[in-house]
Amino acid sequence: MKHLLISAALLALAAACTSPSQRKANHEAEAEARKAAEAVLAIDTVEPVDSFALERAILEAKATQSRYIAAGNQEAADNFHRTFSATISERKPDLAEQLFVHDAEPE
């Protein structure tokens with residue numbers, strides 16, 4: 001979580017030094033990272049024996065990504081997925097291996 005907070009702070013600093021359109025893009029990226037962090041926390045706080053709660057938290061994260069896609073914002077969906085998968089991989093590598101097995105397969 002510390003890494004996510006540092007990343008969010010760096011995004012905020014970068015936003016202060018850029019054009020209005022770049023600040024908007026940075027603000028959106030920061031919001032995507034924040035939502036990914038919230039999704040990771042929802043998964044990270046589930047007790048290992050509570051498989052239903054874990055499944056629900058994972059489905060909520062996928063729903064967030066799907067909402068970006070449905071809104072036509074593939075870049076936001078990709079940013080969310082990248083942040084979410086990187087953080088889960090760092091915090092729960094066994095779970096990440098199960099969740100993102102398709103990400104590692106060549107197309």
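At what angle do helix 3 and helix 4 pack, and how far apart are their axes?

Analyst: They pack at about 160°, with 7 Å between the axes. An axis here is a line fitted to C-alpha atoms, for helices over the stretch in contact, and the angle runs from 0 to 180 degrees between N-to-C directions.

Some housekeeping before the details. This is a predicted model, where local features need pLDDT of at least 70, side-chain atom pairs count only at pLDDT 80 or more, and totals for chains, interfaces and linings use all residues. Residues are numbered from 1 along each chain as its sequence is written, and side-chain values use heavy atoms, leaving out hydrogens and water.

Back to your pair. Helix 3 covers residues 51–70 and helix 4 covers residues 74–91 (helices are DSSP runs of H or I, at least four residues, and strands are E runs of at least two, numbered from the N terminus). Given that angle, the two helices are roughly antiparallel to each other, a label used for angles over 145 degrees. From helix 3, the contact (heavy atoms within 4.5 Å) takes in Ala 61, Thr 64, Gln 65, Tyr 68 and Ile 69. Helix 4 answers with Gln 74, Ala 76, Ala 77, Phe 80, His 81 and Phe 84. Sorted by class, that's 7 nonpolar, 4 polar and no charged residues. Nonpolar covers Ala, Val, Leu, Ile, Met, Phe, Trp, Tyr, Cys and Pro, charged covers Asp, Glu, Lys and Arg, and the others, Gly among them, are polar.

Helix 4 itself has 18 residues and reaches 25 Å from its first C-alpha to its last, close to the 26 Å expected at 1.5 Å a residue (the expected span is 1.5 Å times one less than the number of residues). Its buried residues (under 20% relative accessible area, with exposed over 50% and partly exposed in between, using a 1.4 Å probe and protein chains only) are Ala 76, Ala 77, Asn 79, Phe 80, Phe 84, Ser 85, Thr 87 and Ile 88.

Helix 3 has a partner on the other count too: the axes of helix 2 and helix 3 come within 8 Å and cross at roughly 165°. That makes helix 2 roughly antiparallel to helix 3.

Helix 2 (residues 20–44) has 25 residues and should span 36 Å at 1.5 Å a residue; its end C-alpha atoms are 35 Å apart, which agrees. Its buried residues include Ala 33, Ala 36, Val 40 and Ile 43. Take Val 40, which sits in helix 2 and is buried at 2% relative accessible area. Leaving aside neighbours within four places in sequence, Val 40 touches Phe 84, Thr 87, Ile 88 and Arg 91. Val 40 and Phe 84 are 44 residues apart along the chain, yet their C-alpha atoms are separated by 6.6 Å. Ala 25 also lies in helix 2, but counts as partly exposed at 36% relative accessibility. Ala 25 and Ala 76 are 51 residues apart in sequence and 9.8 Å apart in space, C-alpha to C-alpha.

Of its 107 residues, 28% are buried. Among contacts between residues at least 6 apart in sequence, 49% join residues at least 24 apart.

Conventions:
Parallel < 35°, antiparallel > 145°, perpendicular 65-115°, else oblique.
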